[in-house]
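Colleague: Before I use this model, I should like to go through the terms applied to it and hear the grounds for each.

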Amino acid sequence: MKTIKILIVFAMSVSIAGCDDKLDLAPESQRSSGNFYQTPTDFEQAILGAYSSLRGEFGDIVLYGDIRSDNTKPFISGSVTTRADFDNFSILPANGAIESRWNNSYNAISRVNAILDRIDAIEMEEPTKNRIKGEALFIRALVYFNLVRIYGNVPLVLHEIQGPEALEFPQSNPAEIYIQIVEDLDRAVEFLPVEFQGADVGRTTSTAANALLGRVYLTTGNFEEAETALRKVTALEGSVVDLLEHYADVFDITNEYNKEIIFAVRWTNDGVNGNGFNFAYTYINEPDNRATTDLYNAYEADDVRREQTINATVSLTDTLIYKYGPAPSGLGESDWPVIRYSDVLLMLSESLNEQGYVPDGEAFSLLNRTRKRAGLDELTTEEVPGQTEFRLAIAQERRVEFASEGLRWFDLVRTNRYVTVMTAKGFKVEEHHNLFPIPETEILKVNNENILKQNPGYQQ
């Protein structure tokens, strides 16, 4: 099956390479606004450019979601501490990864804002126009969801801007940003189909928008709304989405965009360009993302997910993340799973429990589906007798199900367990560590605290 696999090439032209199914896309930054955004084809290429920007958005998500947590740790390389600072909670505003993340995110937002501002002026078939709008809205919501969880108060830019104007947008508070995220996702649901077929597989869908909406509502503590959004996804089970029978099949490179993958960031390998994490996580001498002993021990003895996620053949202090499989340096092509159906099931289970614990109720059934696939016994009221215990069971299940998928730290923060859990394991964690510092470069550019102010605990 052909799927959209976006390959960024540094050229001034756009072309489809022969019979290959990989689309070559010139970055929009290399085109002037005067000769672009003129035709439907321009907008088709622009939205693919927006998808490609998500590689920067998720290429380093383990720094924030796993290395920051108790799941994984980086290779320590002398004086180069960019990644280690995430692990040991010594991160400073001058950290290069923090700056890159900010720039990548606002580059993605700039791309989709240009599309949304300009597309209505173009004559185009209405279904195509609506589909592109929906894709752009989903991408903007996804990027802002990462921004607000990582930095907290960030500038909320909803229109195309250029030059000095970019430094004049004040920070918005998280409540305002979440309102916009929900609005974007609601609109995306209206514009997008529940699935794509053939060459369009890999584009985002209303199914993905509802799944992300469920995650957003769960993060903001709106559990009834989360349930409503997530049930729109589970209603499609069997036809559009499903839980695969075997955990390893979800990440099989020959089985990409299977029914469990609701949305993923796509990579391809043309012999020159590919992802870096396939190699970086499995390079035996300097693994960039190593599983901690604590993560290894978090799996129950019979949990098949452990050996499918972690390679511990060297030692328990040098365990490798093998979930995405090895590949030559820089030539991996595994997609990055952003939302899986197992996440929908567990989020729905959590939403139900937060609305009221029901002994051996539906929340148990949902939780037990991933456990059964992992070869584990079902949990019952006997092992999980109340709402608090169920919360811990969900947290445990999410940790081992989504290890090294960039979710763990955000789960700890949204449930307000990050200080207690990490402190108990020897980390020096303080309340302000729920957020990361605003990049020092951005603070210096603006040079006005009324517009851009550093997060508490990171002032220098």
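Colleague: In which helix does glutamate 362 lie?

Modeller: Glutamate 362 lies in helix α14, which covers residues 362-373. Please keep in mind that this is a predicted model.

Colleague: What makes glutamate 362 partly exposed?

Modeller: Its relative accessible area is 39%. Buried would require a value under 20% and exposed a value over 50%, so glutamate 362 is partly exposed. Leaving aside neighbours within four places in sequence, glutamate 362 is in contact with Arg231 and Leu352. As for asparagine 130, glutamate 362 is 232 residues from it in sequence and 36 Å from it in space, C-alpha to C-alpha.

Colleague: Which value of phi does aspartate 360 have, and where is aspartate 360 found?

Modeller: Aspartate 360 has a positive phi of about 50 degrees, although it is not a glycine. Aspartate 360 is found in the loop between α13 (341-355) and α14. With a relative accessible area of 48%, aspartate 360 is partly exposed, because exposed requires over 50%.

Colleague: Why is asparagine 416 called exposed?

Modeller: The relative accessible area of asparagine 416 is 57%. The cut-off for exposed is over 50%, so asparagine 416 counts as exposed. Asparagine 416 is found in the loop between α16 and α17 (418-424), and its phi is near 60 degrees, a positive value in a residue other than glycine.

Colleague: How do you know whether arginine 305 is buried or exposed?

Modeller: The relative accessible area of arginine 305 is 1%. Buried means under 20%, so arginine 305 is buried. The place of arginine 305 is in helix α12 (residues 304-309). Beyond four places in sequence, its contacts include Tyr247, Tyr299, Glu397 and Glu401.

Colleague: How many aromatic pairs does the structure hold, and why is the pair of phenylalanine 89 and tryptophan 409 called tilted?

Modeller: The structure holds 24 aromatic pairs. The ring centres of phenylalanine 89 and tryptophan 409 are 5.7 Å apart, with the planes at 55 degrees. A pair needs centres within 6.5 Å, stacked needs planes under 30 degrees apart and edge-to-face over 60, so this pair is tilted. Phenylalanine 89 lies in the loop between α3 (84-87) and α4 (96-118), and tryptophan 409 lies in helix α16 (residues 408-414), so the pair ties together parts that are 320 residues apart in sequence. Phenylalanine 89, at 8% relative accessibility, counts as buried, and tryptophan 409, at 0%, counts as buried.

Colleague: What makes the pair of tyrosine 324 and tryptophan 336 stacked?

Modeller: The planes of tyrosine 324 and tryptophan 336 are 25 degrees apart, and the centres 4.9 Å. Stacked means planes under 30 degrees apart, and the pair is accordingly stacked. Tyrosine 324 is in the loop between β10 (319-321) and β11, and tryptophan 336 is in strand β11. Both residues are buried. They also belong to one aromatic cluster with Tyr247, Phe251, Trp267, Phe277 and Tyr281.

Colleague: How many cavities of 30 Å³ or more does the search find, and which residues line the largest cavity?

Modeller: The search of the whole structure finds 5 such cavities. The largest cavity has a volume of about 120 Å³. Its lining includes Phe251, Asp252, Glu256, Tyr324 and Asp335, and by class it has 8 nonpolar, 1 polar and 3 charged residues.

Colleague: Which element gives the most to the lining of the second largest cavity?

Modeller: That element is α5, with 4 residues. The cavity has a volume of about 80 Å³ and is lined by 13 residues, with Phe58, Arg149, Arg215, Val338 and Leu407 nearest its centre.

Colleague: Where does pLDDT stay under 50?

Modeller: It stays under 50 over residues 5-32, for which the model has 66 contacts beyond four places in sequence. Where pLDDT is low, the predicted coordinates should not be read in detail. For the protein chain, the mean pLDDT is 90, and 91% of residues reach 70 or more.

Terms used. Residues numbered from 1 in each chain as written. Predicted model: local features only at pLDDT ≥ 70, side-chain atom pairs only at ≥ 80, totals over all residues. Heavy atoms only, no water. Helix = DSSP H or I, 4+ residues; strand = E, 2+ residues; numbered from the N terminus. Buried < 20%, exposed > 50% of the residue type's maximum accessible area, 1.4 Å probe, protein only. Contact = heavy atoms within 4.5 Å. 1 Å grid on protein atoms, 1.4 Å probe; cavity = no way out; pocket = protein on both sides within 12 Å on 5 of 7 lines; lining within 4 Å. Points joined across faces, edges and corners; volume = space filled by probe spheres on them. Nonpolar A, V, L, I, M, F, W, Y, C, P; charged D, E, K, R; others polar. pLDDT = per-residue confidence, 0-100. Phe/Tyr/Trp six-rings, centres within 6.5 Å; stacked < 30°, edge-to-face > 60°.
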